[in-house]
Amino acid sequence: MRRLAARRAVRTKRGVMSTLQLWGQYLPQFLAGLVVSLQLTGAALVLALALGTLLVLARTGRIRVLAAIATGYVEVFRAVPVLVLLFTAYYSLAQMGLRLPGFWAGVVALGAFYGALYGEDMRSGLQSVDPGQREAAVALGLSNGTVMRRVVLPQAFLAFLPPGTNELSNLIKDTSLVLTIGVTDLMFQANAAAAATFQPMDMFLLAGLVYFAFYILLSRILARWELNVQRRRS
Amino acid sequence: MSSDVVVDIQGLTKRFGARTVFEDISLQVRRSEVVAVIGPSGAGKSTFIRCINYLHPFDAGRIRVLGHELVGGGAPPSKATLRQVRMQVGMAFQTFNLFPHLTALGNVMLGPMETKRVPARDARDKAMALLSSVGLADRAEAYPRRLSGGEQQRVAICRALAMDPEVMLFDEPTSMLDPEMVGEVLATIRGLASQGMTLILVTHEMQFAKEVADTVVVMADGRVVEQGPARDVLEHPTSERSRTFLTRVLKPLEAPGVSGEASPPGGSGRGATTALGGDVR
Ligand SMILES: Nc1ncnc2c1ncn2[C@@H]1O[C@H](COP(=O)(O)OP(=O)(O)OP(=O)(O)O)[C@@H](O)[C@H]1O
Ligand SMILES: [Mg+2]
């Protein structure tokens with residue numbers, strides 16, 4: 001009995017050693033993958049914010065048709081799985097003659113999906129501003145643009161921050177889907193290393209740890225930022 | 001029409017959809033005149049006062065404010081006209097509506113800086129002077145949520161005054177305040193009146209109206225039922241409708257059965273309610 005336990009302990013120790021060794025060996029690839037994941041996150045975020053802004057402008061604007069289109073867009077795109085959008089951007093568009101590199105197909109798909117979410121977050125941020133605020137500003141004689149810039153948007157932004165940062169955390173995790181269309185992101189590297197070493201457990205664990213570390217880092221930064229913005233205003 | 005008429009309202013009519021809130025209201029307000037608008041809840045007092053700076057478009061009639069004309073129905077006034085009117089007509093709201101992301105000082109500085117391109121330093125000096133005049137110099141850096149209701153309303157009044165308005169509108173400026181804070185805000189308004197500011201205020205503070213207002217306008221059932229010198233209207237109302245309203249408001253204890261429609265009387269909103277409660281018990 002005791003011998004068995006001892007042997008198991010030895011094996012576990014060797015296992016830990018070899019895992020660390022493997023991790024050391026593959027870390028450069030993982031970090032290269034992380035860089036791709038971050039680039040993807042950044043580009044998709046820019047696209048999503050731009051699209052979200054356009055959507056909220058269209059939805060709150062005076063042109064009925066545009067408002068209807070924007071509403072329809074939001075309803076549809078946030079209801080479709082990101083993976084479907086990704087395959088559409090990569091395979092279906094290619095079929096129609098628009099061949100996007102995997103990275104850019106990822107940017108388009110993630111941007112299209114998160115743009116719908118951001119459009120909705122921005123709209124509810126704007127709606128959360130008390131109508132009395134607009135009235136008080138208008139009563140001072142401020143122009144519509146100034147009312148927006150100095151009174152409505154600063155308050156809407158505060159309401160937008162929590163869902164907005166939450167969306168960003170999800171976006172980072174969703175970038176891992178681009179593995180399926182061969183983009184060499186973090187998940188792709190983990191998958192490749194798992195296949196090469198026959199140690200999927202170890203490799204996906206490392207991938208998880210890298211995502212986790214980055215997630216924690218980013219959410220801490222965003223939380224601190226949010227707190228700062230709030231504190232500056234109380 | 002005399003040239004010292006600052007606000008001239010002719011045949012004002014306002015509808016929300018098919019519902020007519022009031023019809024054919026006319027009122028002239030002279031420079032330094034204090035007009036109190038009173039009447040039962042839902043009479044259209046707020047709607048009326050908000051038409052004066054065009055927070056509500058109206059359906060017929062016209063409002064002339066210092067040479068700028070707002071005409072009801074048809075096309076809305078030009079942006080330039082609206083701006084001119086709103087810069088000369090200050091307003092304080094029942095719910096204060098201070099900008100929560102700006103300090104008291106920031107709230108008061110915003111208008112002049114954004115509409116008149118006043119340099120920050122000058123705007124700050126002026127804002128500080130205004131806040132000092134209402135006893136809030138030491139609260140200048142505080143954000144609205146750290147201010148009491150009474151303080152918020154005084155800051156809101158300063159915010160409007162920073163634009164150097166010719167007329168100030170007040171829509172029940174004290175009705176959201178705890179009784180102990182009503183006095184400080186009324187004192188501020190009384191100060192404005194004594195400095196010769198033209199005031200139009202909707203109020204349930206009958207005692208205050210009697211004391212400060214030159215003219216009282218009683219609104220009920222979608223029209224002005226009585227209008228005239230404050231003392232005459234409040235003490236010897238001639239119209240049947242304003243008589244019933246004033247009876248309910250001034251003497252809620254004598255008519256507990258019908259006090260439901262009437263709003264709390266001036267200066268003693270809480271007191272009257274408690275007294276009533278006591279009566280019932
Ligand atoms: N935006 C709106 N849309 C539709 N109806 C409205 C609107 N604002 C006010 N009304 C209606 O117009 C009528 C007059 O309202 P208003 O707020 O002017 O009354 P009030 O005399 O100020 O009452 P209170 O003493 O309760 O403040 C009410 O019947 C109200 O329901
Ligand atoms: Mg009202």
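Start in chain A of this predicted model by selecting helix α6, residues 144–174, together with helix α8, residues 200–231. The two helices pack at an angle of about 175°, and their axes lie 10 Å apart. That angle makes α6(A) roughly antiparallel to α8(A).

Now show the side chains between them. On the α6(A) side, pick A:Phe157, A:Leu158, A:Leu161, A:Pro162, A:Thr165, A:Leu168, A:Ser169, A:Ile172 and A:Lys173. Facing them from α8(A) are A:Tyr211, A:Phe214, A:Tyr215, A:Leu218, A:Leu222, A:Trp225, A:Glu226, A:Val229 and A:Gln230. If you colour the contact of α6(A) with α8(A) by class, you will get 13 nonpolar, three polar and two charged residues.

Stay in chain A for the next stop, and select helix α2 (residues 64–77) with helix α4 (residues 102–127). Here the angle is about 120° and the axes are 9 Å apart. α2(A) is therefore oblique to α4(A), and the crossing is left-handed. Which residues make the contact between α2(A) and α4(A)? From α2(A) come A:Tyr73, A:Val74 and A:Phe77, while α4(A) brings A:Ala112, A:Phe113, A:Ala116 and A:Glu120. Sorted by class, the contact of α2(A) with α4(A) has six nonpolar residues, one charged residue and no polar ones.

Move over to chain B and highlight helix α3, residues 104–115, and helix α5, residues 149–161. These helices pack at about 25° with their axes 7 Å apart, so α3(B) and α5(B) are roughly parallel to each other. Turn the view to follow their crossing, which is right-handed. To see the contact, display B:Ala104, B:Asn107 and B:Val108 on α3(B), then B:Val155, B:Cys158 and B:Arg159 on α5(B). The contact of α3(B) with α5(B) contains four nonpolar residues, one polar and one charged.

Next, bring both chains into view and look at where they meet. Chain B supplies 26 residues to the contact and chain A supplies 20. Between them the two chains bury about 2000 Å², with 60% of that on carbon and sulfur atoms. Which residues of chain B lose the most area to chain A? Select B:Phe99, B:His101 and B:Glu114: together they account for 28% of what the chain B side buries.

Side chains of opposite charge can pair when their charged atoms come close. B:Glu114 and A:Arg149 form a salt bridge, with their closest N and O atoms 3.2 Å apart. Over all chains, the structure holds 18 salt bridges. As for the pair on screen, B:Glu114 sits in helix α3 of chain B and A:Arg149 in helix α6 of chain A, so this pair joins two chains.

Key
Residues numbered from 1 in each chain as written. Chains lettered and ligands numbered in written order. Predicted model: local features only at pLDDT ≥ 70, side-chain atom pairs only at ≥ 80, totals over all residues. Heavy atoms only, no water. Axes fitted to C-alpha atoms, helices over the stretch in contact; angles between N-to-C directions. Helix = DSSP H or I, 4+ residues; strand = E, 2+ residues; numbered from the N terminus. Parallel < 35°, antiparallel > 145°, perpendicular 65-115°, else oblique. Left-handed = near helix turned anticlockwise from the far one by under 90°. Contact = heavy atoms within 4.5 Å. Nonpolar A, V, L, I, M, F, W, Y, C, P; charged D, E, K, R; others polar. Buried area = accessible area lost by both parts, 1.4 Å probe. Salt bridge = Lys/Arg side-chain N within 4 Å of Asp/Glu carboxyl O.
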